[in-house]
Amino acid sequence: MERSPIIAPSILASDFSRLAQEVHAIEGAADWVHVDVMDNHFVPNLTIGLPVVQSLRKATSIPFDVHLMITDPQRWAPGYAEAGAYNVTFHAEACDDPVALARTLRAAGAKAGLAIDRDTPVEPYLELLPYLDTILIMTIKAGFGGQAFMPEMLDKVRDVRRRAEVNDLEIRIEVDGGIAADTIEQAAEAGADAFVAGTAVYGAADPAEAIRKLRGLAAGRMGLA
């Protein structure tokens, strides 16, 4: 797999009153749209759910990267795949059988991702990498946007990258939390190749240009510029 950087702006940082327009603002620049689904149970915040994703899916052709911060993902995750999500990521802390759910998502037509929260060690999940398309390392505590990047979380990224290279695995290593122009190079150097950026994109005067800048910084550190 060509490890070109993926930039996935998070609509959590966008204006929810005009979601379609906010997604249109990044068309032609973003690789994925990152959709944070929070249920006020797994995390103490409540965002959007399946009906909004179904509606928004009709408004753009950008692939959807759905991040489920919810309890009981076995019940709800397949619906997002069926709604046309490109990648559906669920949390290790919320799922008893990640491999089974990954297979279900793939059967439903989506890529399967596993998220590892701030306080969860990654080592117990390294054996599952062959069954996944994406592993998402949280570089903050899941649940709220706008938190400060935690560079110590990059040790998990390094561990995953080493295992992926040793076993010649085709897996995206995604980072989420505090990714901006001053942090994306650290994450890329550690081995990440997919980057969720919220405020860094939607807080910019020109979101599309902000994406291009982030991609350039990541590509440079990945040796691709």
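In the predicted model, helix H3 passes helix H4 in a right-handed crossing. The two helices, H3 comprising residues 73-82 and H4 comprising residues 98-107, pack at an angle of about 20°, and their axes lie 9 Å apart. Since angles under 35 degrees count as roughly parallel, H3 and H4 are therefore described as roughly parallel to each other. On the side of H3, the contact is made by Pro-73, Gln-74, Ala-77, Pro-78 and Ala-81, which meet Leu-101, Thr-104 and Leu-105 of H4.

The strands of the model were examined next. Eight strands form an open sheet, in which the order is E1-E8-E7-E6-E5-E4-E3-E2 and the pairing is parallel. Strand E1 (6-9) and strand E2 (33-38) stand at the edges of this sheet, and each has a single partner strand, so that one side of each is left without a neighbour in the sheet.

Asp-176, for its part, has Val-196 in E8 as its bridge partner. Helix H8, formed by residues 207-221, packs on the sheet, where it touches both E1 and E8, and the direction of H8 makes about 145° with that of E1.

Technical notes. Residues are numbered from 1 along each chain as its sequence is written. This is a predicted model: local features need pLDDT of at least 70, side-chain atom pairs count only at pLDDT 80 or more; totals for chains, interfaces and linings use all residues. Side-chain values use heavy atoms; hydrogens and water are left out. Two strands pair if DSSP finds at least two bridges between them. Helices (H or I, at least four residues) and strands (E, at least two) are DSSP runs, numbered from the N terminus. Contact means heavy atoms within 4.5 Å. Axes are lines fitted to C-alpha atoms, for helices over the stretch in contact, and angles run from 0 to 180 degrees between N-to-C directions. Angles under 35 degrees count as roughly parallel, over 145 as roughly antiparallel, 65 to 115 as roughly perpendicular and the rest as oblique. A crossing is left-handed if the near helix is turned anticlockwise from the far one by less than a right angle, and right-handed if clockwise.
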